[in-house]
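Thank you for making time this morning.

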Amino acid sequence: QYEKARENRRAKVNASYKYIFEVLGARVGLDLPTVEEMMLDVPSLDAFDSFFAKGGRKSLKIFYQEGDPRGVECGRVIPAVEKGSKILQFYVEKTPDKIAGLCLFFIRYKNDTSINEKTIHEEVSFGVLDATDGLLPGVKDIIEKVFLPAILATSNWGTLGQSKEDMKDKQNFVETINRYISFLGGAAASIEGTVELKKIDYIDFSELQTFDKITAAADNYDLVHQLEEVLMIWYRQIEHVLIESKQLRREAKDSGPLTELENWKYTSAKLNFIIEQIKGQNCKAVINVLKVAHSKILKIWQELDGRITDAANESKDNVKYLSTLEKVCRPLHTTDIVSMTQGIPNLIKAVQMIHRVSKYYNTSERITSLLIKVTNQMVTTCKAYITDAGLNRVWDQETSIVIGKINECICLLKEYQKCFREAKQETLENLGEKAFEVSEMYIFGKSEAFCRRLEKIMEMIAVEQNFNALTLCAIEGIDLMAVKFKNIYHIFQKKPYDTLDPQVAEFDVDFVKFMSEVERLETQLQNFMRTCFRKILSSQNSLQLLQRFQSLNMPCLQEETARTVGCILQHYVAELEATKKLYQTQKDDPPLARNMPPIAGKILWVRQLFRRVNEPISYFHKHSDILASPEGKAVVQSYNKLAYVLVEFEVVYHNAWMKEISQLQYPLQSTIFVRHPKTKKLLVNFDPQILEVVRETKCMIKLGLEVPEQAVKIAVIESKLKSNKLQLE
């Protein structure tokens, strides 16, 4: 019957089953035939059928752990099994005892279709929960090492986008997972830490409960000796626990203040469990017999009893006062920097209260240790805030956003130090209050190192912003510098370590290398700028190019800019002299621009000379203090003299033209016709001066100069005058 049932199970095994078996074999280190035979030992494979079926279950759990060998009901005789021994076996969906091995689980995300050998590879996911060291550590490991990294690595958050509110939701979710991981770790430690006094099988303690039996036992020398040995076994166990509780705990480098509370809760639970056993029936019976027998070892037992009672009271008292920190420490576990900053005064007050009131926890060492853990938690939360709970690296975020976050974190840590020092000063001023003697170096060492790291990161970001301006600059050849910097910066960005961890020394080494490369690149940039101004042909053109360099706002070019301004000023002095000579040579008959009337042409000519000397001096005045130097003052004097002459030239010619226009009424009042003196023919009497006046007027208006109203009126009717002339001709 059992063999037939086994064969029926074997008949069900198809390619989909074998896929599952292959995965199991690869994980537990068994070949496919062995896994298949072991799976056929399971009484029912209905869970497989449901998992593969349309509308069936979405998960399949298979456990691999030690258990009692199955009997004939499995349909075969399992080879090489000794009587009473346990063997590794597969169990489907549940185990006969607690989970103590591997839980191998398969998951399908939708069950609207059935699974077959063609689709199983795509539709089914596989995972392992290792409960070999306990279920709680196993659950903690799979969340911490598998699910959390997967969450941090994902970019697909469904309907959640990149808005500030959505990012906050993502961070809160990640923080909740981290808190749950911490809770699982604490729960596992508490369960693992309980100490049971050794069970004694060869003594029947129930026979030592009544006075008569206790008296009789006390008269039995051999039994008394046995009970003394039992008591010493328990003594050594308890002594070991007490020694452990006094030893320095090995803690994570970033453990927070709530870790301290969890540790004392753990110690309190462990000691109270031992005290409960000491007060138990078995221990009391042993002590009662030894009391009647006047055993000498009771003295050391009573001393031990007193010590463990004191230790339990200490842990209970510490838990009581540290529990007051839970509420004030809550903001430290959120990435809300504002609420963290606001909560610092209350946190410091709570620590002050513990220092002032606690019977056991008010030592300098313990308060220092507690405040170090507060610092750890602040730094940890700041790192989570800056990286969006690990979702985004520093280098992957917008510059303005990440700089804002870094500045907020630095302000938070400075506020923490400020509140602490104010509290310390307040304690000193209050007479009769115990001094707040703690080591500031230890407390704030990590936060100060973290702030220094943040400042270095900001320095790098500032350098990146400076060099980023090169990509937008229109100076030919400067783009090569931008490419070189990008290569240097990208190499640094790809470093695999935690940039925000101040204990990662590789960052400091790489930072020095980075700044050295930047310094070398800045030297190249300075040389490039010097090359651009090696030959100055025109002050105006050189200053336009200099403006492009200055628009980069790069500190490394300030010195070179000052040097270049000096060089351009020297060239400008020569240009002033050249312009002065040109004016002297051409002032009587200056070259006119094409189609320009005489007076406006002369004014335009002198204005061009003025612009040539005025634009450079205006630039020097606005963007440099070089004109305040003795050399600069001499240049200003030369400029003023030449500028006065040029402006005077324009004023003289303009006033002369204005005066000339006032006589315009005479040509307009002439007769329309005039007879030719020789041919006696009638001719149109149109004075050519009128058209010249119109041209001058238009040009004067364009030049922004004053024009008489009469000249404007003539310019307006220019087309009419020309039309009338043509008609008359």
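This is a predicted model: local features need pLDDT of at least 70, side-chain atom pairs count only at pLDDT 80 or more; totals for chains, interfaces and linings use all residues.

Residues are numbered from 1 along each chain as its sequence is written, and side-chain values use heavy atoms, with hydrogens and water left out.

Let me begin with the cysteines. A disulfide is a covalent bond between the sulfur atoms of two cysteines, and here it is taken as a pair of cysteine sulfur atoms within 2.5 Å. How many disulfides does a search of the whole structure find? The search finds zero. For Cys419, the closest cysteine sulfur belongs to Cys411 and is 13 Å away, which is too far for a bond. Cys451 is likewise in no disulfide, since the nearest cysteine sulfur, that of Cys382, is 8.0 Å away. Both residues are buried, a word that means under 20% relative accessible area, with exposed meaning over 50% and partly exposed in between, using a 1.4 Å probe and protein chains only: Cys419 has 8% relative accessibility, and Cys451 has 6%.

Now to the aromatic rings. Rings of Phe, Tyr and Trp (its six-membered ring) pair if their centres lie within 6.5 Å, and planes under 30 degrees apart count as stacked, over 60 as edge-to-face and the rest as tilted. The whole structure holds 27 aromatic pairs. One of them joins Trp157 and Phe173 edge-to-face, at 6.3 Å centre to centre and with 90 degrees between the planes. Trp157 lies in the loop between helix H6 (135–153) and helix H7 (164–193), whereas Phe173 lies in helix H7, so the pair ties together parts that are 16 residues apart in sequence. Helices here (H or I, at least four residues) and strands (E, at least two) are DSSP runs, numbered from the N terminus. Trp157 is buried at 17% relative accessibility, while Phe173 is partly exposed at 42%. Elsewhere, ring pairs link Trp395, Phe467, Phe485, Tyr489, Phe492, Phe507, Phe511 and Phe514 into a cluster.

On a 1 Å grid over the protein atoms alone, a pocket is an open set of points where a 1.4 Å probe fits, with protein on both sides within 12 Å along at least five of seven lines, and lining residues have an atom within 4 Å of a point. Which residues that line this pocket are the closest to its centre? Of the 20 lining residues, they are Lys164, Gln171, Asp388, Ile401 and Lys405. H7, helix H14 (337–357) and helix H16 (399–429) each supply at least two residues of the lining.

I will finish with some single residues. His294 has a positive phi of about 55 degrees although it is not a glycine; His294 sits in the loop between helix H11 (281–292) and helix H12 (298–322) and is exposed at 70% relative accessibility. Asn553 also has a positive phi of about 55 degrees without being a glycine, and Asn553 is exposed at 59%.
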